[in-house]
Amino acid sequence: DLELHLQRCQQLSVTVLTDHQDLSNTELKTITNSTAPQQYRIRAKLRTYKPQKLHQSVKLHCSKCNSLQEVPYGDDFDFILHGSANTAPNPELHNTSWYESVMWTTRDQKQREIAIHFVKHDEMLQHPEDTLLMIEGGTLKEIWKLTKRFKCVIPVRSTEDDLELLDLSAPFLLQGNVKYYGCKQCSTPKPIKSLSSIAAEQQPSWEPTEIAQVLGIELLQYVFIMKFTLVDETGALNAYLFDY
């Protein structure tokens, strides 16, 4: 089976694209000396491609400032969560008109205080699969457990006046197994109470784009980027792949 798979890969590596059959092949030297945009058909070999590891091809892109950044590692998020856990939940911010709060102390050595705020709709809690909740003092493991049951999870911390988002190095929203990030440069985070406007809608959908908008977050999009170096007898050409 492995031998057959390798043969198949070798066949794929010499496949010629059949687009633009009406065009004759153009040498790479001619293309590099031409002004863009033009449409060409080429026959070339793939000399190198970057990145070498597929997961490194995924980046975060801001459509406003056009910046690209690496997707943060889970360890970075965990570090930010540990830092925010040092701020104890403020009881004065619990059980407002638009969310219901539950608080408990963990049984481990640190005895962390965790607060979860369930956003209400029409003064009622929604079904878990439709619920947005906010968590203070939770670990990454605890947050992932919540995302399996509830629609959206927002990590927050207490201030004197309101709940607020964590550092934007951390995801501002988790939905299923997807982490949503905001652009540090283009975002102007608003107080968490801004979410109450969505909770007041007839049927809150809790879509990431709408949540980002009311919270003043410029949403970063996951993009797939690769660079290929193509060669023929006349020269080399760099080709870039960029897609959402």
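**Backbone, surface and a pocket**

Mentor: Let us begin with P51, which is found in the loop between β1 and β2 (58–61), and please keep in mind throughout that this is a predicted model.

Trainee: OK, and is the peptide bond from K50 to P51 cis or trans?

Mentor: The bond that runs from K50 to P51 is cis, and its omega is near -10°.

Trainee: Which residues does the other cis peptide bond on my list, the one with omega of about -5°, join?

Mentor: That cis bond joins A36 and P37, and P37 sits in the loop between α2 (28–32) and β1 (45–50).

Trainee: Moving on to phi, what value does N95 have?

Mentor: Phi of N95 is near 50°, which is a positive value in a residue other than glycine, and N95 is placed in the loop between α3 (74–84) and β4 (99–105).

Trainee: And where does D122 lie, and what is its phi?

Mentor: D122 lies in the loop between β5 (113–121) and β6 (124–125), and its phi, near 55°, is likewise positive in a residue other than glycine.

Trainee: Why does D122 count as exposed, while N95 counts as partly exposed?

Mentor: D122 counts as exposed because its relative accessibility is 63%, and the cut-off for that class is over 50%. N95 counts as partly exposed because its relative accessibility is 47%, and that class covers the range between under 20% and over 50%.

Trainee: Switching to the surface, which residues form the nonpolar patch?

Mentor: The patch is formed by L68, F242 and Y244, which together have about 330 Å² of accessible area. Of these residues, F242 is found in strand β13, which spans residues 235–243, and F242 is partly exposed, with a relative accessible area of 41%.

Trainee: Last topic, pockets: what volume does the second largest pocket have?

Mentor: The volume of the second largest pocket is about 180 Å³.

Trainee: Which residues line it, and how do they split by class?

Mentor: The lining of the second largest pocket consists of H55, Q56, V58, E70, V71, P72 and Y73, and by class that lining has four nonpolar, two polar and one charged residues.

Terms used: Residues numbered from 1 in each chain as written. Predicted model: local features only at pLDDT ≥ 70, side-chain atom pairs only at ≥ 80, totals over all residues. Heavy atoms only, no water. 1 Å grid on protein atoms, 1.4 Å probe; cavity = no way out; pocket = protein on both sides within 12 Å on 5 of 7 lines; lining within 4 Å. Points joined across faces, edges and corners; volume = space filled by probe spheres on them. Nonpolar A, V, L, I, M, F, W, Y, C, P; charged D, E, K, R; others polar. Patch = residues over 30% accessible without salt bridge, like charges linked within 9 Å, V, L, I, M, F, W, Y side chains within 5 Å. Areas by Shrake-Rupley, 256 points an atom, 1.4 Å probe, with all protein chains shown as cover. Salt bridge = Lys/Arg side-chain N within 4 Å of Asp/Glu carboxyl O. Helix = DSSP H or I, 4+ residues; strand = E, 2+ residues; numbered from the N terminus. Buried < 20%, exposed > 50% of the residue type's maximum accessible area, 1.4 Å probe, protein only.
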